[in-house]
Amino acid sequence: MKAVALREIKKELNTLSTQEIQELCLRLSRFKKENKELLTYLLFESHNESGYIESVKDYMDTEFELINTDSYFYIRKSTRKILRNVKKFIRYSLKKETEVELLLYFCKKLKAFKPSINRSTQLVNMYNRQILLSKKIISSMHEDLQYDYNLMLEDL
């Protein structure tokens, strides 16, 4: 089965009643965890962006505490998993401020991680890529926000 274009989906949604749209959303949420997470964000978290950012930061804190520090292999694997999930949470929000704040917080946690990431080239490269991505996003923001986030970036 081939997926239909977004424009056609939009037209079809306009013809449906609110009850039918609700049923479609509930059915969609049953199939993938990401669909359910996105609906959760849209319904409950999108009104309070700062609370959402704090909940993702709490998630990062707990995940960084759970990392197995026996070898750098496990550290790299766990940090990639954390970053993958953080990027997923960023996609839900679609706000540049949220993206920068979460990426900078990830970099802060990674830099403060013990044992030091400087012994692993892959971890240093991951850190540097996220810093570069943050700089790129910051450069496209409003000047006042650029100043604030550049101060945070200099601390790293």
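Colleague: How many salt bridges does a search of the whole structure find?

Modeller: The search finds six salt bridges. A salt bridge here is a side-chain nitrogen of Lys or Arg within 4 Å of a carboxyl oxygen of Asp or Glu. Before we go on: this is a predicted model, where local features need pLDDT of at least 70 and side-chain atom pairs count only at pLDDT 80 or more, while totals for chains, interfaces and linings use all residues. Residues are numbered from 1 along each chain as its sequence is written, and side-chain values use heavy atoms, with hydrogens and water left out.

Colleague: Good to know. Which side chain does R91 meet in a salt bridge?

Modeller: The partner of R91 is E34, at 3.8 Å from N to O. That pair links distant parts of the chain, with R91 in helix α5 (residues 72–93) and E34 in helix α3, 57 residues apart. Helices are DSSP runs of H or I with at least four residues, numbered from the N terminus.

Colleague: And E34, is that buried or exposed, or something in between?

Modeller: E34 counts as partly exposed because its relative accessibility is 37%. The scale runs like this: buried is under 20% relative accessible area, exposed is over 50%, and partly exposed is in between, with a 1.4 Å probe and protein chains only.

Colleague: What does K88 form a salt bridge with?

Modeller: K88 pairs with E37, and their closest N and O atoms are 3.1 Å apart. K88 lies in helix α5 and E37 in helix α3, so this pair ties together parts that are 51 residues apart in sequence. Both K88 and E37 are buried.

Colleague: Which residues are linked with them in a network of salt bridges?

Modeller: The network links K33, E37 and K88.

Colleague: And what about K109, where is its salt bridge partner?

Modeller: K109 forms a salt bridge with D61, with the closest N and O atoms 3.2 Å apart. K109 sits in helix α6 (residues 96–111) and D61 in helix α4 (residues 49–65), and the two are 48 residues apart. K109 is partly exposed because its relative accessible area is 23%.

Colleague: Changing topic: what's the volume of the largest pocket?

Modeller: The volume is about 400 Å³. For the method, picture a 1 Å grid over the protein atoms alone: a pocket is an open set of points where a 1.4 Å probe fits, with protein on both sides within 12 Å along at least five of seven lines, and lining residues have an atom within 4 Å of a point. Points are joined across faces, edges and corners, and the volume is the space filled by probe spheres set on them.

Colleague: Which residues lie nearest its centre?

Modeller: Those are I9, L13, L24, C25 and L28, out of 14 residues lining the largest pocket. The lining divides into 11 nonpolar, one polar and two charged residues. In that count, Ala, Val, Leu, Ile, Met, Phe, Trp, Tyr, Cys and Pro are nonpolar, Asp, Glu, Lys and Arg are charged, and the others, Gly among them, are polar.

Colleague: Which helix gives the most to that lining?

Modeller: Helix α2 does, with five residues. α1 (6–15), α2 (18–29) and α3 (33–45) each supply at least two residues of the lining.

Colleague: How far apart in space are L13 and L24?

Modeller: Their C-alpha atoms are 9.9 Å apart, and the two residues are 11 apart in sequence. L13 is in helix α1 and counts as partly exposed because its relative accessible area is 36%.

Colleague: You mentioned C25. How many disulfides are there?

Modeller: The count is zero, where a disulfide is a pair of cysteine sulfur atoms within 2.5 Å. C25 is partly exposed because its relative accessibility is 32%, whereas C107 counts as buried, at 0%.

Colleague: Now the backbone. Which peptide bond is cis?

Modeller: The bond from K114 to P115 is cis, with omega near 0°. P115 is placed in the loop between α6 and α7 (121–139).

Colleague: And what's phi of L94?

Modeller: Phi of L94 is near 65°, a positive value in a residue other than glycine. L94 is in the loop between α5 and α6, and it counts as exposed because its relative accessibility is 74%.
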